[in-house]
Amino acid sequence: MTGNSEFSVEFRNLTKTFGESTILHNLNFGIHRGKITTILGFSGAGKTTLMKHILGLVMPTEGEVIVLDQVVNHLGELELREFRRNFGMVFQYAALFDFLNSFENIAFPLREFTKMTEEEIKVKVMDLLDATGLPKESAFKLPSELSGGMRKRVGLARGLALDPHIMLYDEPTSGLDPITTHTVYDLMRDTHRRNEHRGFTSIIISHDIHATLKYSDYIVFMEKGRVVEHLDVETFKKSENPVIRRFLEL
Amino acid sequence: MDVKAIAISKIEGIGETVLGYLNGLGDFTNFTMKTIFWTFKPPYRFHLLFDQIVFMGNKSVFIIFLTSGFTGAVFAMQIYLGMKAINADSFIGPIVTIALSKELAPVLSGLVVAGRCGAAMAAQIGSMKVTEQIDALEVMGINSYQYLAVPRILGAMISLPLLSGIFLLIGYGGSWLVGVKVLQIDEILYTQKISDFMRLGMVAEGLIKAAVFGYLIGIIGTYHGFNVTGGAEGVGKGTNMAVVWGMITVLVVDFFLTSFLAKIL
């Protein structure tokens with residue numbers, strides 16, 4: 001299920017059109033297993049559409065998306081639901097269930113997909129709260145009672161609950177102040193390092209260039225549905241591509 | 001030339017409107033089929049269904065009490081004013097009870113639930129959609145139709161006949177109070193006439209209607225929730241559509257359902 005190839009995610013001749021507009025143009029690249037890869041680009045570059053392809057929420061018009069050695073666009077509806085349990089995801093604004101407190105939010109996937117007892121769930125949730133730096137008293141607060149940074153932490157804890165193979169972060173620091181932004185990135189990096197021995201892959205969708213350079217192993221730079229560059233961070237910093245230079249100089 | 005251009009533009013406008021409605025109908029049919037499919041697929045989350053029954057049923061009881069009590073009382077008063085002229089005031093009991101059981105209880109309960117719960121369904125699901133909570137469910141591998149729509153639809157289907165039954169009983173109580181205690185109609189005559197004219201099939205007709213209305217309110221409320229776009233304004237629009245279409249549907253379907261049930265019951 002988890003596969004052993006070099007890439008956790010691979011796009012082969014991926015093209016996506018909506019109506020008459022082409023959002024993704026013949027993409028061919030892979031996302032390295034066990035690494036932190038950031039998909040970077042201006043708004044409208046196709047980053048979110050690309051991420052939805054990884055999850056099988058959107059299907060290619062042409063080409064293939066291969067995730068953990070499975071061709072996503074060949075999976076049926078029920079197989080896709082099973083397949084998505086390989087992922088954890090942190091949404092732009094955390095997307096916590098507003099009718100559940102932090103504890104219940106983190107326990108949600110455990111109750112849905114495991115046969116763990118309530119006692120085991122309690123232990124696991126408390127471990128996750130601890131790992132994401134959340135104080136115990138925040139466990140019983142509703143999302144509306146938490147700060148933006150704490151909501152992201154709860155979102156991360158919920159995403160990690162089922163020990164996923166791939167963690168996706170969609171603009172994880174939107175709306176956060178610079179200090180909290182770096183705290184969240186530190187947390188993402190620590191989470192990655194703790195899990196990388198099992199091939200854990202982190203994929204970040206972002207347009208925050210400075211944090212990206214500091215925390216990523218690889219960068220995929222997209223513009224208008226095309227991959228401009230796919231490089232390791234050090235090479236990326238030295239890129240002479242004018243679009244990337246313009247982005248780096250922001 | 002100008003007249004021709006105007007005519008073409010009008011025809012195009014009509015065509016676009018018709019296509020818009022057909023698209024909407026297609027979407028709605030697709031949504032309905034998906035909810036039916038996911039109703040029968042495990043896992044069955046009975047706790048969510050129970051929560052919805054409590055929300056729609058238990059928490060609507062007070063409104064139903066008020067609505068039904070006064071509806072029965074007012075209806076008895078109006079019938080009395082009409083029937084007294086032809087010395088048939090002892091028929092108030094059966095007329096009110098039959099009207100309550102066949103029409104007023106299911107339709108008015110339906111309108112109350114469409115207003116209260118149809119709006120809540122659209123608002124809850126709509127706000128979950130704009131805050132990506134539905135995406136979060138899907139990413140976890142949970143079907144959002146099964147998790148959010150199915151318990152609400154089934155909850156409305158179960159709650160509405162129960163509320164309609166309560167409406168009938170309380171409405172009967174209101175009419176009895178006005179007929180017997182206020183208008184001084186002989187109590188034995190009042191109840192005797194009811195038992196002469198009432199049939200069990202009439203109550204069944206009302207309960208069947210209520211279940212159908214519950215289904216329709218549920219599917220319309222959840223459909224408009226899932227189709228919310230944009231932010232808070234979109235949620236408001238979806239909620240408004242759920243209430244308006246829920247109420248219109250109850251009244252329109254009532255006509256056709258009455259014709260159909262009259263033939264089989």
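Author: Start with a term. A nonpolar core is a set of buried Ala, Val, Leu, Ile, Met, Phe, Trp, Tyr and Cys residues joined through C-beta atoms within 7 Å. A residue is buried if 20 or more other C-beta atoms lie within 10 Å of its own, exposed if 12 or fewer, and partly exposed in between, with C-beta atoms placed from the backbone. This is a predicted model: local features need pLDDT of at least 70, side-chain atom pairs count only at pLDDT 80 or more, and totals for chains, interfaces and linings use all residues. Residues are numbered from 1 along each chain as its sequence is written, while chains are lettered from A and ligands numbered from 1 in the order in which they are written.

Reader: OK. Which residues touch the most other members of the largest nonpolar core?
Author: A:A157, A:L168 and B:V113. That core has 129 residues.

Reader: And which helix gives the most to this core?
Author: Helix α4 of chain B, residues 92-130, with 18 residues. Helices (H or I, at least four residues) and strands (E, at least two) are DSSP runs, numbered from the N terminus.

Reader: What is B:V113 in contact with?
Author: Leave aside its neighbours within four places in sequence. Then B:V113 is in contact with B:M56, B:S60, B:G118, B:A156, B:L160, B:L163 and B:I217. Contact means that the C-beta atoms, placed from the backbone, lie within 7 Å.

Reader: How many helices and strands does chain B have?
Author: Chain B has 9 helices and 0 strands. Its C-alpha trace spans about 65 × 60 × 35 Å along its principal axes. Of its 265 residues, 44% are buried.

Reader: Take α8(B). Is it largely enclosed or left open?
Author: Enclosed. 19 of the 27 residues of α8(B) are buried, so the rest of the structure largely encloses it.

Reader: What about B:G72? Where does it sit?
Author: In helix α3 of chain B, residues 61-83. B:G72 has 29 C-beta neighbours inside 10 Å, so it counts as buried. Beyond four places in sequence, its contacts include B:V96, B:L100 and B:Y172.

Reader: Switching to chain A. What's the strand order in the open sheet?
Author: β6-β7-β8-β3-β9-β10, with mixed pairing across 6 strands. Two strands pair if DSSP finds at least two bridges between them. β6 and β10 of chain A each have a single partner strand, so one side of each is left without a neighbour in the sheet.

Reader: How do β3 and β8 of chain A run, parallel or antiparallel?
Author: Parallel, joined by 5 bridges. One pair there is A:L40 with A:S206.

Reader: Which helices pack on the sheet?
Author: Helix α1 of chain A is one, touching β3, β6, β7, β8 and β9 of chain A. Helix α5 of chain A packs there too, touching β6 and β7.

Reader: And β1 and β2 of chain A?
Author: They run antiparallel, with 8 bridges. A:V9 has A:I31 as its bridge partner. Their hairpin has 2 residues between the strands, and A:G19 takes a positive phi near 60 degrees.

Reader: Last one. How many residues are in contact between chains A and B?
Author: 14 residues of chain A are in contact with 11 of chain B. On the chain A side, α2, β6 and α3 each supply at least two residues.

Methods. Contact = placed C-beta atoms within 7 Å. Axes fitted to C-alpha atoms, helices over the stretch in contact; angles between N-to-C directions.
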